[in-house]
Amino acid sequence: MININVSTSNIFGFKTDAFVIGVFEKTEKFQGLVGELDDVFKNKISSLYFENEIRGRIGEVTIIHNFVGFSSERLVVVGLGKREDFDDDIVRKVSALALNKLNSINLKQISFSLLGSDLIGIFNSAKSISEGAIMGLYRFDKYKSKSNIVSIQDINLLGFGIGDEKLVKDAVRQGQIISDAVNLSRDLTNEPSNKMTPSILADIATDIALEGGFESEVYEEEDMINFGMGALLGVASGSIQKPKFIVLKYFGLDRELTPLCFIGKGITFDSGGISIKPALNMGDMKADMAGGASVIAAIQAIAKLELKINLVVIVPATENMPGGSAQKPGDVVTAMDGTNIEIDNTDAEGRLVLADAISYARSIGVSKILDVATLTGAIRIALGTNYAGLFGNDDEFTENILNSGQVVAEKIWKLPVDHDYDNQYKSQVADFKNTGGRDAGSITGAQFIGEFAGDIPWAHLDIAAMSRINSDKFYFRKGATGFSVRTLIQLARSFEIPK
Ligand code: BES
Ligand code: MN
Ligand code: ZN
């Protein structure tokens with residue numbers, strides 16, 4: 001656990017292992033805090049800068065030692081890049097970079113000036129440092145007998161006036177809630193599938209709701225039979241693990257007001273089923289519940305932030321396995337809304353469980369539905385690993401989601417839905433088949449799901465290429481990213497009714 005403290009103490013008297021400041025590229029004269037420090041440090045910073053040992057580039061972390069007249073052991077200068085490109089996300093990134101470097105030399109107490117606060121404001125700077133720190137120092141090492149625990153214990157935010165203390169404290173609190181939620185999503189997603197079965201996920205979700213003071217309900221297989229959720233049950237039929245249909249409800253407003261709905265794909269392991277996947281990297285499919293993890297994490301944060309919205313979160317949770325009773329290519333299943341679906345490929349299971357989740361959401365009454373899913377390998381072919389793909393039937397809603405992503409620096413790009421693709425998933429024997437061929441695979445997957453939304457505003461976020469990362473990158477650590485959690489929280493914010 002990392003503590004983030006806020007102090008109005010004088011920076012020259014506050015003793016820590018390192019004090020972090022930022023410099024921009026192409027600075028002609030250091031002003032403000034950096035200028036003051038440069039004077040105290042007898043022009044050390046400016047001489048390193050003008051000799052090009054420090055350039056202010058993003059990724060630069062320069063440690064300067066032993067200064068008489070300065071209380072901290074080290075002064076750390078991080079590059080903030082070009083002034084004109086500066087934003088909140090650069091603060092997250094460079095805070096994470098600096099802290100990982102300082103962690104690698106086993107430091108414990110770190111203090112930060114409010115990086116770039118003259119450009120983005122005190123609040124955004126403090127919030128972004130907190131988020132960069134908590135996301136950046138995340139580790140998933142619970143199964144390592146000899147874990148190298150994070151050395152950093154305390155982070156202190158310094159260098160602002162007494163009048164701003166409350167603002168900075170609030171920023172830290174919000175940053176903490178949001179990045180704790182990101183890390184919760186990462187934890188759930190990084191767990192191996194034998195430790196994160198549908199039952200375990202349902203139990204954890206129930207505990208989170210209890211702790212957070214919101215409602216939860218877990219429907220069992222018998223309930224799913226009663227609801228007529230043939231599409232979800234078909235996917236679940238190949239596994240010994242029982243499916244769980246997780247429903248969480250948060251009321252920040254009068255209960256009578258129709259809630260917003262987030263649905264997350266909760267495939268705790270996707271072997272492909274009878275249409276089995278190749279062995280290479282199949283273990284990564286323990287993360288096929290990243291969407292489910294993210295919506296659970298998001299509602300936790302939304303409840304802690306006490307946002308003025310009503311929200312229902314739904315996670316259809318099951319394994320996709322090739323057991324003896326598994327569904328087979330060519331089978332026909334009947335979804336909750338009566339739609340008959342031909343199973344062309346058992347590996348296209350996400351759209352099946354989401355179909356029934358959407359019908360359930362409609363049956364309880366929701367205003368808008370956003371589903372988040374590791375749905376298609378094809379989204380990586382379309383957008384690579386920089387953008388998640390967005391689809392939807394309502395331009396105002398998708399615009400809102402794109403904006404929310406932009407505010408929190410989660411990159412999202414909208415792709416088309418169009419009836420001209422419909423024939424790709426028409427079936428010879430049933431209403432639809434669950435595949436649409438190689439062309440536009442992410443679009444036909446999305447449209448299949450959209451068929452069940454009918455006329456309510458619906459959007460689908462395909463995070464298959466964003467939910468995991470193969471190497472550390474700024475505040476991301478190899479493994480689950482928690483991508484979409486921050487967008488979901490921001491989206492909920494955008495629907496708040498002003499207090
Ligand atoms: N869970 C996968 C998609 C996926 C692929 C997620 C890679 C993360 C990384 C999904 O269930 C799947 O298998 N999709 C198929 C669909 C196809 C059979 C129509 C795919 O993308 O190949
Ligand atoms: Mn699959
Ligand atoms: Zn899947």
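Student: Which residues coordinate the manganese ion (ligand 2)?

Tutor: One caution before the answer: this is a predicted model. To read a metal site, list the donor atoms, then their distances. Here D270 (OD), D347 (O), D347 (OD) and E349 (OE) coordinate the manganese ion (ligand 2). The distances run from 2.1 to 2.2 Å.

Student: What do the angles at the manganese ion (ligand 2) say about its site?

Tutor: Geometry is read from the angles among donors. The six donor atoms of the manganese ion (ligand 2) give angles of 69 to 169 degrees, and the site is irregular.

Student: How are the donor residues of the manganese ion (ligand 2) spaced in sequence?

Tutor: The pattern is D-x76-D-x1-E. D270 sits in strand β10, while D347 sits in the loop between β13 (340–342) and α11 (350–364). The two are 77 residues apart, and the pair links distant parts of the chain. D347 is partly exposed, at a relative accessible area of 22%.

Student: Are D270 and D288 buried or exposed?

Tutor: Compare relative accessibility with the cut-off: under 20% is buried. D270 has 3% relative accessibility, so D270 counts as buried. D288 has 2%, so D288 is buried too.

Student: On to salt bridges. How many does the structure hold?

Tutor: The structure holds 22 salt bridges. Take E131 and R92: their closest N and O atoms are 2.6 Å apart. E131 is in helix α5 (residues 122–136) and R92 in helix α3 (residues 88–104), 39 residues apart. Both E131 and R92 are buried.

Student: Which residues are linked with E131 and R92 in a network of salt bridges?

Tutor: D89, K93 and K127 join E131 and R92 in that network.

Student: Where do D170 and R173 lie relative to each other?

Tutor: They are three residues apart in helix α6, so about one helical turn separates them. D170 is partly exposed at 31% relative accessibility. R173 is partly exposed as well, with a relative accessible area of 41%.

Student: Which domains does the assignment give?

Tutor: It gives domain 1 (3–160) and domain 2 (180–494). Their C-alpha centres lie 38 Å apart. 17 residues of domain 1 contact 15 residues of domain 2. The buried area is about 1500 Å², with 61% from carbon and sulfur atoms. In domain 1, M135, Y138 and F140 lose the most area to domain 2, together 41% of what that side buries.

Student: How many salt bridges does the rule find across this interface?

Tutor: It finds one. Separately, look at the salt bridge of E191 with K142, whose closest N and O atoms are 2.3 Å apart. E191 is buried, at 6% relative accessibility. K142 is exposed, with a relative accessible area of 53%.

Student: Last, why is helix α15 called largely enclosed?

Tutor: Count its buried residues. Eight of the 10 residues of α15 (residues 485–494) are buried, so the rest of the structure largely encloses this helix. Among them are V485, L488 and L491. S494, also in helix α15, is partly exposed at 37% relative accessibility. S494 touches N400 and S404, leaving aside residues up to four places away in sequence.

Notes. Residues numbered from 1 in each chain as written. Chains lettered and ligands numbered in written order. Predicted model: local features only at pLDDT ≥ 70, side-chain atom pairs only at ≥ 80, totals over all residues. Heavy atoms only, no water. Buried < 20%, exposed > 50% of the residue type's maximum accessible area, 1.4 Å probe, protein only. Helix = DSSP H or I, 4+ residues; strand = E, 2+ residues; numbered from the N terminus. Domains from an automatic or database assignment. Contact = heavy atoms within 4.5 Å. Buried area = accessible area lost by both parts, 1.4 Å probe. Salt bridge = Lys/Arg side-chain N within 4 Å of Asp/Glu carboxyl O. Donors = N, O, S within 2.8 Å, 3.2 Å for Na, K, Ca; no water. Tetrahedral: all angles 85-135°; square planar, octahedral: opposite > 155°, others 65-115°.
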